[in-house]
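Subject: Structure for you to look at

Hello,

Here is the structure I said I would pass on. Please have it open while you read the notes below it.

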Amino acid sequence: MKKWKYWLLPILWMGVIFHSSSQPYQEQNMKPFLSERFDLTFITPFLDGISFVYHQEEVSVATLGAAGFIEFFIRKGAHVTVFMILAVLFYYAFTKTTAFKRSLSVTLAWVCTVLYAITDEWHQGLTPNRTPYAGDVVLDAVGASFAVIAIVLLSTIRRQRR
């Protein structure tokens with residue numbers, strides 16, 4: 001059987017990530033969509049007390065508005081989710097194409113995902129109106145770590161059931 005086909009999924013997913021990183025912020029701006037479709041005024045009192053600094057900028061409803069504040073969490077959640085999926089796809093490719101032990105496949109999946117996250121942030125720095133940020137790589141690594149934890153837990157549960 002042609003083992004290379006198992007690598008198509010992570011490669012295609014990296015292409016999706018690359019495409020997303022190639023878009024200027026204005027093309028990905030969700031604030032108009034959120035503001036036009038949802039009345040977010042009700043949520044403002046609940047979020048008013050939340051304020052923190054991320055990438056040397058204050059993140060709060062006061063500085064970003066309710067739509068901008070929600071968009072921030074959608075974007076950062078996307079970092080975690082997208083790279084969690086990539087780690088799972090790498091793991092799948094390693095397990096289907098090598099004789100590596102599960103622990104090595106999981107480790108390599110995590111390492112490959114984080115290395116791609118680093119190159120993705122570098123690539124983002126070449127995109128107009130986008131800036132690379134090490135904090136985003138940390139979020140990407142958290143996503144990869146969630147994938148590793150899920151894989152290990154599911155494998156342990158499966159093994160215990162046998």
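This is a predicted model: local features need pLDDT of at least 70, side-chain atom pairs count only at pLDDT 80 or more; totals for chains, interfaces and linings use all residues.

Helix packing. I started with helix H5 (residues 61-97) and helix H7 (residues 134-161), whose axes come within 7 Å and cross at roughly 45°. An angle of that kind makes H5 oblique to H7, and the crossing is right-handed. On the H5 side the contact includes Lys76, His79, Phe83 and Tyr91, while H7 brings in residues including Asp136, Asp140, Gly143 and Ile151. Sorted by class, this contact has eleven nonpolar, three polar and three charged residues.

Nonpolar cores. The largest one has 14 residues, and Phe83, Leu86, Phe90 and Tyr116 touch the most other members. Helix H1 (8-22), H5, H6 and H7 each supply at least two residues of this core, with the largest share, five residues, coming from H5.

A serine in H6. Ser105 is found in helix H6 (residues 102-125). Is Ser105 buried or exposed? With a relative accessible area of 0%, Ser105 is buried. Beyond its neighbours within four places in sequence, Ser105 is in contact with Tyr91, Phe94, Thr95, Thr98 and Phe100.

Best wishes

Definitions and conventions
Residues are numbered from 1 along each chain as its sequence is written. Side-chain values use heavy atoms; hydrogens and water are left out. Axes are lines fitted to C-alpha atoms, for helices over the stretch in contact, and angles run from 0 to 180 degrees between N-to-C directions. Helices (H or I, at least four residues) and strands (E, at least two) are DSSP runs, numbered from the N terminus. Angles under 35 degrees count as roughly parallel, over 145 as roughly antiparallel, 65 to 115 as roughly perpendicular and the rest as oblique. A crossing is left-handed if the near helix is turned anticlockwise from the far one by less than a right angle, and right-handed if clockwise. Contact means heavy atoms within 4.5 Å. Ala, Val, Leu, Ile, Met, Phe, Trp, Tyr, Cys and Pro count as nonpolar, Asp, Glu, Lys and Arg as charged, and the others, Gly among them, as polar. Buried means under 20% relative accessible area, exposed over 50%, partly exposed in between (1.4 Å probe, protein chains only). A nonpolar core is a set of buried Ala, Val, Leu, Ile, Met, Phe, Trp, Tyr and Cys residues joined through side-chain atoms within 4.5 Å.
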